[in-house]
Amino acid sequence: MIYIDNIYAQEVFDSRGNPTVQASVFLSDGTCASAIVPSGASTGKREAVELRDGDKKRFLGKGVLKACENVDTTISDALVGSTPFDQGLIDGILKDLDGTSNYSNLGANATLGVSMAVARAAAKSLNIPLYRYLGGSNAITFPVPMLNIINGGSHADNTVDFQEYMIMPLGFETFDEGLRASAEVYQHLKQILKDSGHITSIGDEGGFAPNLTTNAEPIEVILRAVEKAGYKPGDQIAIALDVASSELVDEKGVYHLKGEGISLDSAGLVEYYEALCAKYPIVSIEDGLSEDDWEGWKLLTQKLGKKIQLVGDDLFVTNYEILAQGIKQGIANAILIKPNQIGTVSETMETVRLAQRYGYKCIMSHRSGESEDSFIADFAVALNTGEIKTGSTARSERMSKYNRLLAIQKDIANPKYLGRTLFDKTFL
C-alpha cells in the first residue's frame, strides 16, 4: 500500500515578493510533489484565514513561518501513514484538525498547500495528469480566458476606480486561437497607450495601469486595440469587468467613484452599469456591489441578470454555505472560484458542484499574489468550469497557467472550447 511518508513546508515568495507557503508531500513509493499557495490583495472578509506571523522584524509582519510550522508538525503528524488517493479523506482530516469554520487555527495557506500537494503527488504516483486525476474522463472542457489587460483599484496606483478590465476571446474555435488573439490585442493596447503618452507600466496581474479620466475610457481604449488587432469587438472579443466594489463603498453604503468624482447609492450604481452595458460589449461584471449589499445585488440581478454574467467573488468567497444562500435569494448568476478562499481542494470542488447544479457559471481564478504553480489550470479543466481568470499575457506567474493549458490541449483528443456558446443562453 502506498502511503504518505513525509510532509513539510517552507517559506517561498509570491509574485509581489511577499512570503507564502510551499508544501511538499513525499509518498512511500518515492513520489514527491509540491504546491505553492497564492495570496490576494483585494480580499473578502469572509474568506478563509491566511495565517501571517505578525513579526514586524520579518517581511513587515507578513512571514508565514507559523503556517509552515503547522504543516511540519500538526498536519504532518496527522497525515503521515494515510493514503494519498482519497482526497476527501485528506481534506476532511485537515478540516477537523483546524476545528474552525475558516481555518483560523492552522491557516488556510497551510491546509491548502498540503491539500494541493497531496492531489498532485497522488496523480504523479499514478502517472496520470492532475486534471485527469481530479476530473476523470469527463475533464474535456477548456476554459475561456478572462484576461486582465488594464488594472485599476487596489491592483494599481492610478486614477481608475474599477479593479480589472478584461477581454474574453469568445469568437474562436479553440483555446489556443483565443489566447493568441488576446495576446495580439494586448500588444496593440501597449502601443496605443504608448502613442498616447501613457506610461506602459503594469499592475499586479500584468495589465497596464494608465491614468485615464473616466471608468469608461479603459473600455474604449481596449476596443480600439481589438479593432487594430483585426478583430470584431463583441463578436470575437468581448469585455468583462471586475469592479471590486467592496473597495469603493463606505460605512453608509455609498459607493465612491473617486476617479470621476461621483458618489452613488446601490440603485445609482446599478443604473451606471446599465448605461455601460447598453453602450459597450460587456458580457460579465464581477463584484458589481459590495459583499454586504445583498439588497443591491438583488436589484442588480433583476436588472442585468438575464443579460450578462454577474459574478460573486467577495460576495461568495468560494463558500458552499454562502453560495447556497445566494442561490436561494436569486443573487448573481456566477461565482469566482479561488481555492485559497475556502482552504482545501475538496471544499472547492463541492462549491463548484453546487454552482453547476443550479446553473451558476464558474470562473476558476488566480490571486493577485501568484507563483509559478499552475494547479488552477488543471483544476479548471478537471471541473469543466468553462472560464478562467489568470491575468494578462505578461508576467511568468500568469503565463505558467496559460502554458499549462496549451500543454493540456495537446494531451486531450477532442478538447471542447465553449467560445460563443458560453453566453448563448440567458443566465437565470
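Predicted model: local features only at pLDDT ≥ 70, side-chain atom pairs only at ≥ 80, totals over all residues.
Figure 1. Buried here means under 20% relative accessible area. The residue belongs to strand β12, which covers residues 334–337. Leaving aside residues up to four places away in sequence, A334 touches Q309, L310, V311, G312, F316, Y360, K361 and I363. For L310, which is 24 residues from A334 along the chain, the C-alpha atom is separated from that of A334 by 5.8 Å.

**Figure 2. Helix α6 and the elements that cover it.** Helix α6 runs over residues 217–228 and has twelve residues. From its first C-alpha to its last it reaches 17 Å, close to the 16 Å expected at 1.5 Å a residue. The buried residues of α6 are P218, I219, V221, I222, L223, A225 and V226. Their cover includes the strands β5 (144–151), β6 (164–169), β7 (237–242) and β10 (282–286), together with helix α5 (175–195). Just after α6, G230 takes a positive phi of about 95°.

**Figure 3. Two residues other than glycine with positive phi.** Most residues other than glycine have a negative phi. A244 has a positive phi, near 50°, and lies in the loop between β7 and β8 (255–257). A244 counts as buried because its relative accessibility is 3%, and the cut-off for buried is under 20%. The phi of R395 is also positive, with a value near 75°. R395 is found in the loop between β14 (386–389) and α13 (396–411). At 25% relative accessibility, R395 counts as partly exposed, a class that lies between the 20% limit for buried and the 50% limit for exposed.

**Figure 4. Contact of helix α1 with helix α2.** Helix α1 spans residues 65–79, and helix α2 spans residues 87–98. The axes of α1 and α2 come within 10 Å and cross at roughly 135°. The angle therefore makes α1 oblique to α2. The crossing of the two helices is right-handed. On the α1 side the contact is made by T74, I75, A78 and L79, and on the α2 side by I90, I93, L94 and L97. Sorted by class, the contact of α1 with α2 has seven nonpolar residues, one polar residue and no charged residues.

**Figure 5. Contact of helix α2 with helix α3.** Helix α3 covers residues 108–126 and packs against α2 at an angle of about 165°, with the two axes 10 Å apart. The two helices are therefore roughly antiparallel to each other, a term used for angles over 145 degrees. Their crossing is right-handed. From α2, the residues Q87, I90, D91 and L94 meet T111, V114, S115, V118 and A119 of α3. The residues of this contact divide into five nonpolar, three polar and one charged. I90 and L94 of α2 are listed here and also in the contact of α2 with α1.

**Figure 6. Contact of helix α5 with helix α13.** The axes of α5 and α13 are 10 Å apart, and the helices pack at an angle of about 150°. That makes α5 roughly antiparallel to α13. α5 passes α13 in a left-handed crossing. F175, D176 and L179 of α5 make the contact with Y402, L405, L406 and Q409 of α13. By class, this contact of α5 with α13 has five nonpolar, one polar and one charged residues.

**Figure 7. Helix α13 and its buried residues.** α13 has 16 residues and reaches 22 Å from its first C-alpha to its last, close to the 22 Å expected at 1.5 Å a residue. The residues of α13 that are buried are E397, R398, S400, K401, Y402, L405, I408 and Q409. Among them, Y402, L405 and Q409 also take part in the contact with α5. The elements that cover the buried residues of α13 include the helices α4 (130–135), α5 and α12 (375–382). The strands β4 (141–142), β5 and β14 are also included in this cover. Both α5 and β5 are likewise listed in the cover of the buried residues of α6.

Notes
Residues numbered from 1 in each chain as written. Heavy atoms only, no water. Axes fitted to C-alpha atoms, helices over the stretch in contact; angles between N-to-C directions. Helix = DSSP H or I, 4+ residues; strand = E, 2+ residues; numbered from the N terminus. Parallel < 35°, antiparallel > 145°, perpendicular 65-115°, else oblique. Left-handed = near helix turned anticlockwise from the far one by under 90°. Contact = heavy atoms within 4.5 Å. Nonpolar A, V, L, I, M, F, W, Y, C, P; charged D, E, K, R; others polar. Expected span 1.5 Å × (residues − 1). Buried < 20%, exposed > 50% of the residue type's maximum accessible area, 1.4 Å probe, protein only.
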